[in-house]
Amino acid sequence: PGRQKMSEEIGVDCADFAEFKEALKALRAVDDKIIYELNTSIPTTSFSDKISAADQCRRLYERLSAASATRDRLITRCIQETKDSLGEIRSKREKEPSNASLSSELSERQTNLRLIRAELSVESIVKETSMKAFKERCKAFKPPKKLT
């Protein structure tokens, strides 16, 4: 039903909200484990001569940044694909106003669009929380102004 593109990066069918959420969950793993990552990768004072805190922080920042950028692309792509799909369904429904399955599909896609858009707010909170923890523990590394 409708156009079902796949996100080329991670193969997510944006029309399947459960699949979309699972992909985001996997992509948020590094953010969800940020405290653990910081505790295990940033050396204590006694080990700081053997392991560079700045290098460890840089690597963690790169992982956080890459995961965030991938999530942003996925959310943006799924919003656009869902909007496109809604347009197609509306056009079909105009031609077949008595088709109940088109009305049902339209309603389902509108709900999916609202849920996908809500992930933008969740994403903002995830980034903010991760960067707060990161900055508290990684004072030796100065990331660029904005997490991409």
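Me: Which residues of helix H3 are buried?

Reply: In this predicted model, helix H3 runs over residues 34-41, and its buried residues are Ile34, Glu37, Leu38 and Ser41. The cover over them includes H2, H4 and H5.

Me: What makes Glu123 and Arg28 a salt bridge?

Reply: The cut-off is 4 Å between a side-chain nitrogen of Lys or Arg and a carboxyl oxygen of Asp or Glu. Glu123 and Arg28 come in at 3.0 Å, N to O, so by that rule the pair is a salt bridge. Glu123 is in helix H5 (residues 100-137) and Arg28 in the loop between helix H1 and helix H2, so the pair ties together parts 95 residues apart in sequence.

Me: Why is Glu123 called buried?

Reply: Buried means under 20% relative accessible area. Glu123 has 2% relative accessibility, so it counts as buried. Arg28, with 8%, is buried too.

Me: How do you know that Arg71 and Asp31 link distant parts of the chain?

Reply: Look at where they sit: Arg71 is in helix H4 (residues 53-95) and Asp31 in helix H2, 40 residues apart. Their closest N and O atoms are 2.8 Å apart, and they form a salt bridge. Both Arg71 and Asp31 are buried.

Me: Why is Arg77 called partly exposed, when Glu81 is called buried?

Reply: Arg77 has a relative accessible area of 27%, so that's its label. Glu81 has 11%, so the label there is buried. The two side chains meet in a salt bridge at 3.3 Å, N to O, and both residues lie in helix H4, 4 residues apart, about one turn of the helix.

Me: Which residues do salt bridges with shared partners join into one network?

Reply: Lys21, Arg28, Asp31, Arg71, Glu119 and Glu123. The count for the model comes to 10 salt bridges.

Me: What is the confidence like for the protein chain?

Reply: Mean pLDDT is 85, and 84% of the residues reach 70 or more. Over residues 1-8, though, pLDDT is below 50. Where pLDDT is low, the predicted coordinates should not be read in detail.

How values were computed:
Residues numbered from 1 in each chain as written. Predicted model: local features only at pLDDT ≥ 70, side-chain atom pairs only at ≥ 80, totals over all residues. Heavy atoms only, no water. pLDDT = per-residue confidence, 0-100. Contact = heavy atoms within 4.5 Å. Helix = DSSP H or I, 4+ residues; strand = E, 2+ residues; numbered from the N terminus. Buried < 20%, exposed > 50% of the residue type's maximum accessible area, 1.4 Å probe, protein only.
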